[in-house]
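Dear colleague,

I am handing over a structure that you have not worked with before, and I would be grateful if you could read through it with the notes that follow.

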Amino acid sequence: MKTYLFLFVLTTITKLYSQVFSLYSTSSINDIYSASSFSPIKIRIAQNGVILLDTENSILVHFSENDTISYGGKSAKFSGLIDPIDITVKGLNIYVLNQASNSILVFDSRLNHIQTILISNEVELYPSLIAIDQYENIYIYSSDLNMIYVNDSQQKNFTEFIDLNMQNFDFNCISSMRFSTNGYLLLLSGCDSTISIFNQYGRLIDTQLNTIDGMAISVKRNGAYFIANKKGLIKYGKDQPKNLFIESNLIDIDYHDKKFIVLTDSLLLRYDFFRS
């Protein structure tokens, strides 16, 4: 009996700590893009590389082992990248949300501008977040109106998807919005430290506590999610938090196909992620 009890406890502990972040690459932000004013705050994994967005200086960068490509910067007023606020990646395309101009710029993996989507509605939305589901429907969050809107391939206008006022969400609280491949929409709230999970019909199905005061979230294929705080504490689903022991403030994270990336105020860190 004692032997079986020992094996049970050992198995439980092994499962609890079976997540592994294996660091394989560290890059300085200054080495990625030489401009002294480059200060990215958004990061996404893209085709053959990583996308970084500097919202203040309107600079979009694709960084890979082979080269670095940039778009915007000093010529932003001519490029259309005037007031970028958020990015997302779907397939080979990169979507950049322009807030004040109510538009979405679409780029290919080499940062060639291929389309501009105008955000049409009866009122000006001035959205602050963007996400795309598995069917390539585009969702935007308007913090001014506290609403989420959707534009599918059959519609020209963005229509109401979720009225967060009816869900008792406070204004300007949603700091991150991500989709899983199985259709769940996750909203990270910075006001009440929660992660809210909605189904594909916009119905709230679960609310979970953000126990580590996380400020960045990324969603895995099966709907499980990573959440991170600025000190480098990472929590995956219901597992125990893991400390990455980073030396500067964490700004953003992303995950795709066992690759986990971390953006700090000075470094880009890339990890392999394993979990039994």
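A disulfide is taken here to be a pair of cysteine sulfur atoms within 2.5 Å. By this rule the count comes to 1 disulfide, and that disulfide joins C173 to C191, with an S to S distance of 1.8 Å. The two cysteines come from distant parts of the chain, 18 residues apart, with C173 in the loop between β13 and β14 (174-179) and C191 in the loop between β15 (185-189) and β16 (194-198). The disulfide is left-handed, because the torsion about the S-S bond of C173 and C191 is about -95°.

Please keep in mind that this is a predicted model, in which local features need pLDDT of at least 70 and side-chain atom pairs count only at pLDDT 80 or more, while totals for chains, interfaces and linings use all residues. Residues are numbered from 1 along each chain as its sequence is written, and side-chain values use heavy atoms, with hydrogens and water left out.

For exposure, buried means under 20% relative accessible area, exposed means over 50%, and partly exposed lies in between (1.4 Å probe, protein chains only). C173 has a relative accessible area of 4% and is therefore buried, whereas C191 has a relative accessible area of 46% and is therefore partly exposed.

Turning to the strands, these are DSSP runs (E, at least two residues; helices are H or I, at least four), numbered from the N terminus, and two strands pair if DSSP finds at least two bridges between them. An open sheet of 4 strands has the order β10-β11-β12-β13, with antiparallel pairing. Its edge strands are β10 (129-132) and β13 (159-163), each of which pairs on one side only. Within the chain, β11 (residues 138-142) and β12 (residues 147-151) pair in the antiparallel sense over 5 bridges, and S142 stands opposite M147 in β12.

Further along are two hairpins that share β20. Strand β19 (residues 225-228) runs antiparallel to β20 (residues 233-236), joined by 3 bridges, and F226 stands opposite Y236 in β20. The hairpin of β19 and β20 has 4 residues between the strands, and G232 in the turn has a positive phi of about 95°. In turn, 2 bridges join β20 to the antiparallel strand β21 (residues 242-243), where the bridge partner of L233 is N243. The hairpin of β20 and β21 has 5 residues between the strands, and G237 in the turn has a positive phi of about 55°.
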